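The sequence and structure come first.

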Amino acid sequence: AVCSMGNSTSRLYSVLAKTLSSGAVSQHQDCLEQLDSAQLDPIDPKDLLEECQVVLQKRPPRFQRNFVNLKKNTASNHRPIRVMQWNILAQALGEGKDNFVQCPMEALKWEERKCLILEEILAYKPDILCLQEVDHYFDTFEPLLSRLGYQCTFFPKPWSPCLDVERNNGPDGCAMFFLKERFELVSSANIRLTAMKLKTNQVAIAQTLKCHETGRLFCIAVTHLKARTGWERFRSAQGCDLLQNLKNITQGAKIPLIVCGDFNAEPTEEVYREFSNSSLNLNSAYKLLSPDGQSEPPYTTWKIRPSGECRHTLDYIWYSQHALNVNSALGLLTEEQIGPNRLPSFNYPSDHLSLVCDFSFNQDPDRLL
């Protein structure tokens with residue numbers, strides 16, 4: 001059954017009515033190919049946003065976050081590329097396993113929470129969207145975002161913890177979306193990460209894109225590393241494997257690179273140092289928000305579980321600092337905005353904050369290698 005999100009003739013309702021039923025999703029959860037949405041008409045993002053706001057009218061208004069201008073005095077003759085990184089919180093985990101003790105179950109209802117997620121995406125209008133913990137790809141994100149002009153790719157975890165939850169919607173995984181009007185797909189790789197030569201449950205997607213406006217190639221990757229304390233060496237090994245894959249794909253940094261992910265690692269961990277010191281010459285974009293440009297934000301996730309309060313910096317957007325500039329970055333929510341019950345909440349749909357950056361190409365990248 002499909003629930004109306006507004007009146008029965010609404011554009012969004014007609015969109016959802018044409019997407020897969022949950023039964024069809026369960027039958028096709030192993031299928032990694034894109035669904036054929038070509039027969040569906042495009043939808044106007046303003047219409048979709050209005051529909052979401054109708055559903056959310058009883059909830060508090062969206063938090064306001066501002067972009068911080070980081071652009072140095074370097075001229076750019078092309079539109080910036082906006083990249084959004086976000087662990088959106090798998091629905092099955094939010095309701096069934098993550099145990100957010102201060103978050104009312106009513107705040108986690110999918111029919112409303114998906115509208116909060118869509119509202120956040122529509123508000124920032126990313127050219128490229130990188131998501132983790134996506135367990136409603138086939139029935140929500142692919143059908144809707146493909147009709148907004150995005151090319152969509154999904155790679156689920158081999159043994160998703162979502163499958164242990166009753167009435168789940170299939171496995172969670174990483175998803176990547178890019179606007180077809182801005183980019184052409186040159187190559188795509190679904191990577192199952194290894195650690196100590198063993199295949200693991202964590203994955204990545206890496207795609208080489210060609211920018212229509214500039215003709216420049218660049219690689220965009222999304223990943224989600226192993227969670228939990230005690231798995232630091234495991235994450236380090238996964239990070240090494242991902243870096244090696246990306247070195248091959250970018251021909252040793254000849255192709256500029258952006259890596260988005262929930263690394264489940266604080267900046268003090270080895271995997272963070274591996275990315276910082278890699279021969280790919282990567283920098284973490286959100287460091288640039290700090291006064292000295294050297295410190296990560298104080299948190300990108302903030303939640304309360306039975307074991308206590310968890311405030312950590314785990315999410316990053318890495319970029320080739322020799323080839324790309326960070327023009328601006330979206331400021332994080334303040335402690336006052338987040339509130340005493342932390343995340344998720346009626347205001348915000350995930351326990352992780354979205355990160356958004358605007359990038360431009362350096363005019364002479366080889367000079368800085």
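Leaving aside its neighbours within four places in sequence, which residues is Asp172 in contact with?

1. The model is predicted, so local features need pLDDT of at least 70 and side-chain atom pairs count only at pLDDT 80 or more, while totals for chains, interfaces and linings use all residues. Residues are numbered from 1 along each chain as its sequence is written, and side-chain values use heavy atoms, with hydrogens and water left out. Beyond four places in sequence, Asp172 is in contact with Ala90, Glu133, Val134, Asp135, Phe154, Pro156, Lys157, Ser160, Pro161 and Cys162, where contact means heavy atoms within 4.5 Å.

2. Asp172 counts as buried, at 0% relative accessibility; buried means under 20% relative accessible area, exposed over 50%, and partly exposed in between (1.4 Å probe, protein chains only). Its side chain makes a polar contact with the side chain of Ser160 at 2.5 Å. A polar contact is a pair of N or O atoms within 3.5 Å; within protein, one must be able to donate a hydrogen and the other to accept it, and residues adjacent in sequence count only if both atoms are side-chain atoms.

3. Ala92. Helix α4 (residues 91-96) holds Ala92, which is buried with a relative accessible area of 6%. Leaving aside neighbours within four places in sequence, Ala92 is in contact with Lys97, Asp135, Cys162, Val165 and Asn168. Ala92 and Gly170 are 78 residues apart in sequence, and their C-alpha atoms are 8.8 Å apart in space.

4. Overall fold. The chain has nine helices and 15 strands, taken as DSSP runs numbered from the N terminus (helices H or I, at least four residues; strands E, at least two). Of its 369 residues, 57% count as buried. Among contacts with a separation of 6 or more, 78% are between residues 24 or more positions apart.

5. Nonpolar cores. A nonpolar core is a set of buried Ala, Val, Leu, Ile, Met, Phe, Trp, Tyr and Cys residues joined through side-chain atoms within 4.5 Å. The largest has 71 residues, and those with the most contacts inside it are Ile128, Phe141, Phe177, Ile220, Ile258 and Phe359. Helix α5 (residues 110-124) gives the most to this core, with eight residues. Apart from it lies another core of 23 residues, including Ile191 and Tyr272.

6. Aromatic pairs. Rings of Phe, Tyr and Trp (its six-membered ring) pair if their centres lie within 6.5 Å; planes under 30 degrees apart count as stacked, over 60 as edge-to-face and the rest as tilted. The count comes to 19 aromatic pairs. Phe138 and Phe154 form an edge-to-face pair because their planes are at 85°, with centres 5.7 Å apart. This pair links helix α6 (residues 137-147) to strand β4 (residues 150-156), its members being 16 residues apart. Phe138 is buried at 5% relative accessible area, and Phe154 at 3%. Trp231 and Phe234 are also edge-to-face, with centres 5.1 Å apart and planes at 85°.

7. Charges over rings. Such a charge is NZ of Lys or CZ of Arg within 6 Å of the ring centre and within 35 degrees of the ring normal. Lys226 lies over the face of Trp231, at 4.6 Å from the ring centre; Trp231 is partly exposed, at 36% relative accessibility. The charged end of Arg192 sits over the ring of Trp159, 4.9 Å from its centre.
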